[in-house]
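Reader: Hi! I'd like to learn how to read the pocket and the ligand surroundings in a structure. Could you walk me through it?

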Amino acid sequence: MPDPIYLDHAATTPVRPEVRDAMAPFFGPRFGNPSSIHRWGREARVALDEARERVGACIGAAPDEVCFTSCGTEGDNFAILGAWRTARTAGRHAVVTTPIEHKAVLGSVHQARAEGAIERTLAVDSNGIVDPGSFDRLVGADVAVCSVMWVNNEIGTVQDIPTLAGAARSRGVVFHTDAVQAFGKLPIDAREQAFDLLALSGHKIGAPKGIGALFIRRGTPLAPLMHGGTQDRGRRPGTENVAFAVGLARAAELAVAERSAEYARLAALRDTLESELLAQIPDAVIHARTAPRAPHIVNISVPGTDSESLLMALDLAGIAASAGSACQSGSVTASHVLSAIGIAPELAAGAIRMSLGSLTTEEGVRRVVQVFPALTAKARRLAGLAL
Ligand code: PLP
């Protein structure tokens with residue numbers, strides 16, 4: 001059996017050895033609490049402050065604009081609910097987002113709605129790109145926060161965040177972007193781009209699960225989600241995870257240093273994968289193929305297949321991918337992203353997301369190209385028999 005092929009980097013990535021090495025001392029002798037006055041504490045404080053500075057440097061932010069979080073989901077919740085709970089007292093009652101956001105954003109917006117916010121959803125085109133006319137109409141002086149993801153995690157669509165953030169700023173609206181899938185793929189610079197809030201997640205870039213960061217532009221009012229001590233100047237109480245903050249800093253630096261070369265490498269592999277699959281399965285559909293896309297996400301539907309059985313068949317063949325549809329309580333429901341871009345439910349039901357990254361090689365892509373068409377042909381035959 002050849003080595004298994006991991007094509008699920010948008011779900012998570014392996015912890016990089018450099019990151020593990022950078023974190024190791026903090027699981028040993030450097031175990032101090034950064035709030036302690038003694039030498040152990042001071043040592044931890046220095047490491048934490050440095051990590052904050054280093055993460056900030058990766059996105060053009062000052063150290064005090066970086067808030068460490070436990071994950072991307074926490075960053076999105078903090079951004080949206082923190083901004084909403086502050087702004088509602090100033091009479092801004094609307095929260096604006098897109099229909100293709102990750103559940104971390106959609107869930108936060110629903111919570112704001114439960115607390116009295118008016119929810120507004122921007123229109124998107126068949127590639128998932130936000131309609132500028134809809135943005136003009138919905139983003140006005142009564143908006144507490146507008147949240148638009150930078151790169152979509154299911155179809156890879158890239159929004160023009162610099163333009164949207166600039167337009168929000170010109171209307172005095174706080175702008176948040178979920179950059180969990182964008183960081184390490186696209187250039188992010190808070191000095192030149194007008195977003196006020198930006199969420200990152202460590203485990204998508206070779207740091208462990210359990211660490212993320214929220215960029216909070218100086219002067220952006222944000223009510224804390226948690227209450228307690230004075231850590232991070234009261235923005236996020238709780239003893240800081242120094243080891244993981246140091247790991248995130250190392251992973252972020254590596255991602256930025258390798259960004260251009262890795263973008264080109266992944267885009268070439270993605271193009272080969274897509275064109276070879278389409279050559280062999282001419283009626284397959286690659287979703288949002290004509291959109292500006294990040295290089296690491298391929299979302300493909302083969303008519304007459306269903307993603308759950310296909311994923312199992314792929315797994316047996318040693319290929320790990322994920323579904324473009326969500327499996328909830330045993331029934332597969334069409335992905336909200338695919339349905340928002342107008343994909344028919346029958347086609348969405350067979351969607352498979354393959355996401356490329358550090359473990360992806362030419363050899364791996366070649367094997368997928370050999371195996372996938374035969375598996376889908378078999379799935380179609382079986383589906384035909386079941387009719
Ligand atoms: N936002 C996007 C676009 C994601 O892809 C993910 C994770 O899949 C998240 C948010 C949530 O990040 P985390 O798993 O760190 O909570």
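Author: Happy to! Let's start with classes: Ala, Val, Leu, Ile, Met, Phe, Trp, Tyr, Cys and Pro count as nonpolar, Asp, Glu, Lys and Arg as charged, and the others, Gly among them, as polar. Keep in mind that this is a predicted model.

Reader: How do the residues lining the largest pocket divide into these classes?

Author: The lining has 10 nonpolar, 8 polar and 6 charged residues. The pocket itself has a volume of about 400 Å³. Its lining consists of 24 residues, and those closest to the centre are K185, K204, I205, E262 and S358.

Reader: Which helix gives the most to that lining?

Author: That is helix α7, residues 242-280, with 5 residues.

Reader: Now the ligand, please. How many residues surround it, and which are the closest?

Author: For this, a residue counts if one of its heavy atoms lies within 4 Å. Here 13 residues surround the ligand, with G72, T73, D178, S201 and K204 the closest. By class, this shell holds 3 nonpolar, 7 polar and 3 charged residues. Helix α3, residues 72-87, gives the most to the shell, with 3 residues.

Reader: And what about polar contacts?

Author: Look for pairs of N or O atoms within 3.5 Å. A polar side-chain atom of D178 is 2.6 Å from a nitrogen atom of the ligand. For S201, a side-chain N or O atom lies 2.6 Å from a ligand oxygen, and for H102 the distance from such an atom to a ligand oxygen is 3.5 Å.

Reader: How much of the ligand's accessible area does the protein cover?

Author: The protein covers 88% of the 390 Å² that the ligand has on its own.

Terms used. Residues numbered from 1 in each chain as written. Predicted model: local features only at pLDDT ≥ 70, side-chain atom pairs only at ≥ 80, totals over all residues. Heavy atoms only, no water. 1 Å grid on protein atoms, 1.4 Å probe; cavity = no way out; pocket = protein on both sides within 12 Å on 5 of 7 lines; lining within 4 Å. Points joined across faces, edges and corners; volume = space filled by probe spheres on them. Helix = DSSP H or I, 4+ residues; strand = E, 2+ residues; numbered from the N terminus. Polar contact = N/O pair within 3.5 Å; in protein donor to acceptor, adjacent residues only side chain to side chain. Areas by Shrake-Rupley, 256 points an atom, 1.4 Å probe, with all protein chains shown as cover.
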